[in-house]
Amino acid sequence: MKNYLESFGILTANEIKSFEDLVTSRKLNKGEYYIKEGNISMDVSFVRSGLLRSFYYNSQGEETTYCFTFSNSFVTAYSSFLSQTKTLENIQALTDVELYSLSREQILNLEQNSENWLRLFKFLTEQEYIKMEKRIFLLQKETAEKRYEDLLKYKSDYLQQIPLSYLASYLGITQRHLSRIRAHISN
């Protein structure tokens with residue numbers, strides 16, 4: 001986590017140390033939820049290790065996976081966290097997960113006491129927006145094969161840990177279509 005925070009070049013060593021002193025360690029077992037639909041997100045966590053998926057239920061009651069969160073990144077139900085309204089999403093551990101968590105109150109205190117934290121949180125929020133925009137463009141512009149190749153290129157080490165049903169849902173295709181894509185790419 002320290003290396004991750006240092007990589008932005010925004011926080012001082014003392015600010016990072018203060019952050020490390022504030023976080024609480026938390027573990028999720030495979031299958032456990034970080035947050036469920038209907039709750040209000042009251043914290044942000046750094047994923048030390050593990051893999052999570054974010055999903056919602058569509059109007060037919062089917063799960064739609066729209067995001068995976070990997071190690072060395074932050075996770076929360078962002079809209080709920082920012083607006084303090086009930087979330088529509090579920091965030092579930094796909095593997096055992098180790099987290100470092102910070103409450104909303106602690107984050108607001110950091111922002112009030114340091115312009116650097118305000119800059120970092122603004123930067124992280126902007127990165128989430130860019131990631132979401134990229135995802136929308138990929139879904140609307142690219143083929144399922146291209147979207148799968150993109151995952152292979154950037155997150156290949158995690159693909160074996162993601163059940164095919166979740167991966168297919170994330171790509172917006174059926175499992176059968178995913179199997180055809182995987183067979184085509186491996187040839």
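Contact here means heavy atoms within 4.5 Å. The model is predicted. From α6 come Ala144, Glu145, Tyr148, Glu149 and Leu152. Their counterparts in α8 are His177, Leu178, Ile181, Arg182, His184 and Ile185. By class, six residues of this contact are nonpolar, two polar and three charged.

Two packed helices are described by the angle between their axes and the distance between the axes. For α6 and helix α8 (residues 175–186), the angle is about 65 degrees. Their axes lie 10 Å apart. The crossing of α6 and α8 is right-handed.

Helix α6 (residues 144–159) also packs against helix α7 (residues 164–171). Here the angle is about 145 degrees, and the axes are 12 Å apart. α6 passes α7 in a right-handed crossing. On the α6 side, the contact involves Arg147, Tyr148, Leu151 and Leu159. On the α7 side stand Leu167, Tyr170 and Leu171. Six residues of the contact of α6 with α7 are nonpolar and one is charged. None is polar.

Four strands form an open sheet, in the order β2-β7-β4-β5. The pairing is antiparallel. β2 (33–35) and β5 (63–69) are the edge strands, each pairing on one side only. Neighbouring strands of this sheet are turned by 30 degrees against each other on average, direction ignored. Strand β4 (residues 52–57) is joined to β5 by six bridges, in the antiparallel sense. Within this pair, Ser54 has Cys67 in β5 as its bridge partner. α7 packs on the sheet and touches β4, β5 and β7 (90–93). The direction of α7 makes about 95 degrees with that of β5.

Why is β3 largely enclosed by the rest of the structure? Five of its seven residues are buried, so the strand is largely enclosed. Six bridges join β3 to strand β8 (residues 97–103), and the two run antiparallel. Val44 stands opposite Leu102 in β8. β3 also pairs with strand β6 (residues 73–75), in the antiparallel sense, over three bridges. There, Ser45 has Val75 in β6 as its bridge partner.

In soluble globular proteins, nonpolar side chains tend to be buried together. The largest nonpolar core of this model holds 18 residues. Leu5, Phe19, Phe74, Trp117 and Leu120 touch the most other members. At least two residues of this core come from each of α2 (13–22), β3 (43–49), α4 (104–113) and α5 (115–141). α5 gives the largest share, four residues. Trp117 touches Leu5, Leu11, Glu15, Phe19, Leu110 and Glu111, not counting residues up to four places away in sequence.

How values were computed: Residues are numbered from 1 along each chain as its sequence is written. This is a predicted model: local features need pLDDT of at least 70, side-chain atom pairs count only at pLDDT 80 or more; totals for chains, interfaces and linings use all residues. Side-chain values use heavy atoms; hydrogens and water are left out. A nonpolar core is a set of buried Ala, Val, Leu, Ile, Met, Phe, Trp, Tyr and Cys residues joined through side-chain atoms within 4.5 Å. Buried means under 20% relative accessible area, exposed over 50%, partly exposed in between (1.4 Å probe, protein chains only). Axes are lines fitted to C-alpha atoms, for helices over the stretch in contact, and angles run from 0 to 180 degrees between N-to-C directions. A crossing is left-handed if the near helix is turned anticlockwise from the far one by less than a right angle, and right-handed if clockwise. Ala, Val, Leu, Ile, Met, Phe, Trp, Tyr, Cys and Pro count as nonpolar, Asp, Glu, Lys and Arg as charged, and the others, Gly among them, as polar. Two strands pair if DSSP finds at least two bridges between them.
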